[in-house]
Amino acid sequence: MVDVGKWPVFSLLSPQEIKSIHQACVFGTSATEAIYVTKNDEVFALGVNCSNCLGIGDGQNVVTPKKIEALCGKKIISLSYGSGPHILLATKDGETYSWGLNSYGQLGNGTTGPGSLPFLVSSMFYDKKVIEVACGSNHSMVLTTEGEVYSWGHNNCGQVGSGSTASQATPRRVTNCLQNKRIVAVACGQIYSMATSDNGEVYSWGYNGSGQLGTGISGNHLTPCRVTGLQGICVLQIVCGSAHTLALTDEGLLYAWGANTSGQLGIGNKINQLVPVLITVEKERIVEIAACHSTHTSAVKTQGGQVYMWGHCRGQPVTIPHLTHFSCTDDVFACFASPAVTWRFLSIEQDDHLTVAQSLHKEFDSLETSDLKFCVEGKFIHVHKAVLKIRCEHFRTMFQSYWSEDEKEVIEIDQFSYSVYRAFLEYLYTDCVNLPPEDAIGLLDLATSYCETKVKKLCQEIIKRGITVENAFLLLSAAVRYDAKVKTHEFLPDLN
């Protein structure tokens, strides 16, 4: 499970606020900005507010989380950020919002003026629904439900894919060789763009000074071109670093190309690669790859759950995949990337793993999973025969084939009260007794009848701790009646 506490910006939050986080993104040149979504779908901004990137309507820094009202309840499914920074996100309903730096039209609102509040970019899409967003340094890209790609923003190297180098202030469909292709994923490096089709083909366009387009030449491409070095290979996932690219195939193989000045390709040297190169990671199948346009760091996760990292790691170049102690690729970027941003929009699943004891407790009196009911004073208590047989000799004997109770779905109990019998059954699931002293008398009677020595001791302790002047005679009588070993000199002084 992802621990958002590993990102320093979240140290501004209380433990309760951190626990409420369902999704999160950390961004900025120093990783000092964050946007997060709570379990109640409320959206908050936090940190340094460079270029109005927090979307709160002003440029003030935010030390105490501030709600982004326009996004609350929208159910964000994809979020990305640029270097300015600017923010782009998509909601479950297919809407797209943007805000932040807009010097090159990267917000897609038709202007180059700053945007301090979320702008509904999808109003420019002719009712297209967006399922994924991606940001380069100063350009933006979205993928629609129809598999179409739209792009806008800074275009000095062709990263918008329009065929020119003129910046684009409104969304425009990326066509050319993508015209008849159904695209299923998009990604952006600093000044270039990538797309993957439904048949596993990879396309690239934009700046290519370090070979990050993977086309075998170093010239820029103003429109999409296919990465022919991956022909015959089905690519499932593609991610971009600042100027390097990673691709994961359907066979769990990793390919890398582009800039390698920090060893981010993982090939054992710092030489740039103009075409895809197969990277070996301990001969184990890879299931996830990670990179981010803000960094020169790479990471992967294997089928066995191992996480490797390489590239720019805390200022040091790591040229071959290094095995870490992390359980997820997100931790690599929190602890070793510079800046320590998130490489994707985090989804924080709370640790719902229960111990055996917790699971048993949870299933006590569960109508959904029980196979037996006790009826006491007209009230039902739902239990599991197997648990009762394992935990109690009385029930183990009862549920024998020659006992009539073994065939019953409901067993009537009339010799004990509901609260007492429920407390006993709950004890079998939890090892705990939670009763007031007066009711503990009845449970003491039951424990004696069922020969449950430990329950008797627990009742004795409850009686001993709960004795007062008002109930002393009643409780002492019960203790004598059920042979409870309570020493009078231990509590009598307290009654004076």
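This is a predicted model: local features need pLDDT of at least 70, side-chain atom pairs count only at pLDDT 80 or more; totals for chains, interfaces and linings use all residues.

Author: Residues are numbered from 1 along each chain as its sequence is written, and side-chain values use heavy atoms, with hydrogens and water left out.

Reader: Why is the contact of Lys 74 with Glu 95 called a salt bridge?

Author: A salt bridge requires a side-chain nitrogen of Lys or Arg within 4 Å of a carboxyl oxygen of Asp or Glu. The closest N and O atoms of Lys 74 and Glu 95 are 3.3 Å apart, so the pair meets the definition. Side chains of opposite charge can pair when their charged atoms come close.

Reader: What makes Lys 74 and Glu 95 a tie between parts of the chain?

Author: Lys 74 lies in the loop between strands S4 (62–67) and S5, and Glu 95 in the loop between S6 and S7, so the pair ties together parts that are 21 residues apart in sequence. Strands here are DSSP runs (E, at least two residues), numbered from the N terminus.

Reader: How do you know whether Glu 148 is buried or exposed?

Author: Buried means under 20% relative accessible area, exposed means over 50%, and partly exposed lies in between (1.4 Å probe, protein chains only). Glu 148 has a relative accessible area of 13%, and is therefore buried. Its salt-bridge partner Arg 173, with closest N and O atoms 3.5 Å away, has 24% relative accessibility and therefore counts as partly exposed. Lys 128 joins Glu 148 and Arg 173 in a network of salt bridges.

Reader: Why are S5 and S6 said to pair?

Author: Two strands pair if DSSP finds at least two bridges between them. S5 (residues 76–81) and S6 have five bridges in the antiparallel sense, so they pair by this definition. Ser 78 stands opposite Ala 90 in S6, and the bridge partner of Ala 90 in S7 is Thr 96.

Reader: What makes S6 mostly covered?

Author: Six of the six residues in S6 (residues 86–91) are buried.

How values were computed. Helices (H or I, at least four residues) and strands (E, at least two) are DSSP runs, numbered from the N terminus.
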